[in-house]
Amino acid sequence: MKPLNGEYVYLPQEHVVYGPGSLSRLGGEVERLKGQRVFLITGHSLAEKTDFVSLIRAHLGRRWAGMFTGIRQHTPKSDVARAAAEAMASQADLLLSLGGGSPIDGTKAVARAIEETEGRLLPHLAIPTTLSAAEFSHLVGVTDDEKKAKTGFSDPRLVPRSVILDPEVTLPTPIALWLSSGMRAVDHAVETLLAPGDHPIPDVMALEAVDRLFRLLPASKENPQDVAVRGELQIAAWMSFFGEVNTAMGMSHILGRRIGARYDVPHGVTSCITLPWVMEAEASRLAAPLARIGARIAPEVALGDEEGAGRAAAQATRDLVSRLGLPARLSQVGVPHGDLASIAEAAYPAGEERVRALELLEGMW
């Protein structure tokens with residue numbers, strides 16, 4: 001047995017509240033973070049089609065400072081700039097995000113923009129409505145409006161200090177978005193296990209996440225109103241990205257970032273398309289970690305056949321995408337075949353990885 005060598009980095013996230021009705025604890029979380037003027041950042045749909053903004057405002061009372069409801073998919077830089085300007089004008093001392101990965105990443109970017117302008121870093125409290133798990137990450141993705149290209153940065157200080165996981169808040173999320181963001185969580189978990197180096201603690205959480213996501217996502221599709229299942233899925237998504245600062249991003253995420261912003265494809269959908277192909281391509285090189293996944297989701301594979309188990313895991317992932325009724329090909333989401341070479345180049349400007357990426361993109365198309 002090879003000895004483990006490494007280190008584990010903790011992100012400065014202090015508190016996670018979970019379970020049905022946990023939104024009612026918002027006031028206590030704001031008080032714990034010493035917030036006096038809370039600025040909400042969300043998207044149009046949640047602001048206009050649900051009553052959550054009114055409910056949040058009621059919970060905050062005199063602490064309500066204002067809101068920005070214009071964060072769009074893939075977090076355009078122009079939206080971040082406008083939100084930061086309004087948050088500063090409101091004299092906010094705490095940022096509250098409500099939504100999926102775009103509002104949550106947008107709020108991280110707003111916090112950075114305010115710090116660059118005013119020299120103060122505002123704390124961030126996140127209330128997610130999807131399974132993207134952006135609330136557990138120090139990574140921030142934003143989109144250059146003109147170039148339609150995803151850029152980003154990382155800063156451990158920007159991870160939300162508190163998170164409220166209330167499955168009841170996720171009920172208005174469109175089912176396709178909910179399920180595809182669950183596939184994003186699968187992608188997080190798989191890439192954790194495939195990442196180079198030793199990361200024993202994230203590995204344990206990622207394996208458990210894979211097991212739960214494969215079992216619970218079809219159950220949520222079958223009964224979208226089951227709050228208990230949604231709550232379990234929120235915990236699984238948390239597990240999928242547990243300690244993500246300790247593991248490197250893989251090819252599925254790297255290609256997905258290039259595809260998503262350029263063609264306005266949700267990142268959950270890019271994971272549906274890219275992940276099975278990357279898993280299959282890595283079945284020989286990364287046979288051992290993929291076999292651990294296969295043992296959870298394709299246990300019928302013969303013992304000792306690591307490569308076979310890895311390929312079975314890739315096929316099981318394809319089958320899950322199909323069961324969930326989600327897109328499986330780039331051609332289904334408006335990506336022109338003629339653009340594949342430029343996508344590969346944007347992801348990997350030179351070298352063998354660029355050639356390999358293009359080969360995979362051809363298969364995905």
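Leaving aside neighbours within four places in sequence, Asp 166 is in contact (heavy atoms within 4.5 Å) with Gly 19, Pro 20, Gly 21, Ser 22, Leu 23 and Gln 234. The structure is a predicted model, in which local features need pLDDT of at least 70 and side-chain atom pairs count only at pLDDT 80 or more, while totals for chains, interfaces and linings use all residues. Residues are numbered from 1 along each chain as its sequence is written, and side-chain values use heavy atoms, with hydrogens and water left out.

Asp 166 is located in the loop between β8 (162–165) and α6; helices (H or I, at least four residues) and strands (E, at least two) are DSSP runs numbered from the N terminus. With a relative accessibility of 2%, Asp 166 counts as buried, where buried means under 20% relative accessible area, exposed over 50% and partly exposed in between, for a 1.4 Å probe and protein chains only. Gly 21 is 145 residues from Asp 166 along the chain, and the C-alpha atoms of the two are separated by 6.1 Å. The side chain of Asp 166 reaches the backbone nitrogen of Ser 22 at 3.1 Å. A polar atom of that side chain also lies 2.9 Å from the backbone nitrogen of Glu 168. Such polar contacts are pairs of N or O atoms within 3.5 Å; within protein, one atom must be able to donate a hydrogen and the other to accept it, and residues adjacent in sequence count only if both atoms are side-chain atoms.

Helix packing was examined next. Two packed helices are described by the angle between their axes and the distance between the axes. Axes are lines fitted to C-alpha atoms, for helices over the stretch in contact, and angles run from 0 to 180 degrees between N-to-C directions. Helices α6 and α7 pack at an angle of about 160 degrees, with axes 9 Å apart. The two are therefore roughly antiparallel to each other; angles under 35 degrees count as roughly parallel, over 145 as roughly antiparallel, 65 to 115 as roughly perpendicular and the rest as oblique. The crossing of α6 past α7 is left-handed, a crossing being left-handed if the near helix is turned anticlockwise from the far one by less than a right angle, and right-handed if clockwise. Residues making the contact include Trp 178, Leu 179 and Met 183 of α6 and Leu 207, Val 210 and Phe 214 of α7. By class, this contact of α6 with α7 has 16 nonpolar, three polar and two charged residues; Ala, Val, Leu, Ile, Met, Phe, Trp, Tyr, Cys and Pro count as nonpolar, Asp, Glu, Lys and Arg as charged, and the others, Gly among them, as polar.

Ser 180 also lies in α6 and is buried, with a relative accessible area of 2%. Not counting residues up to four places away in sequence, Ser 180 touches Gly 268, Val 269 and Leu 326.

In helix α11 (residues 287–297), the buried residues include Pro 289, Leu 290, Ile 293 and Ile 297. The cover over the buried residues of α11 includes α6 (175–194), α7 (200–222), α10 (267–281) and α12 (306–323). The axes of α10 and α12 come within 8 Å and cross at roughly 165 degrees. These two helices are therefore roughly antiparallel to each other, and α10 passes α12 in a left-handed crossing. Among the residues of this contact are Cys 272, Trp 277 and Glu 280 of α10 and Arg 311, Thr 317 and Arg 318 of α12. The contact of α10 with α12 divides into eight nonpolar, one polar and three charged residues.

Helix α4 (residues 77–89) packs against helix α5 (residues 101–118) at an angle of about 60 degrees, with the axes 9 Å apart. That makes α4 oblique to α5, and their crossing is right-handed. The contact is made by Val 80, Ala 83, Ala 84, Ala 87 and Met 88 of α4, and by residues of α5 including Gly 106, Val 110 and Ile 114.

Asp 79 is found in α4 and is buried, with a relative accessible area of 0%. The side chain of Asp 79 makes a polar contact with the side chain of Arg 82 at 3.2 Å. Beyond its neighbours within four places in sequence, Asp 79 is in contact with Phe 68, Gly 70, Ile 71 and Arg 72. Glu 115, in α5, counts as partly exposed at 23% relative accessibility.
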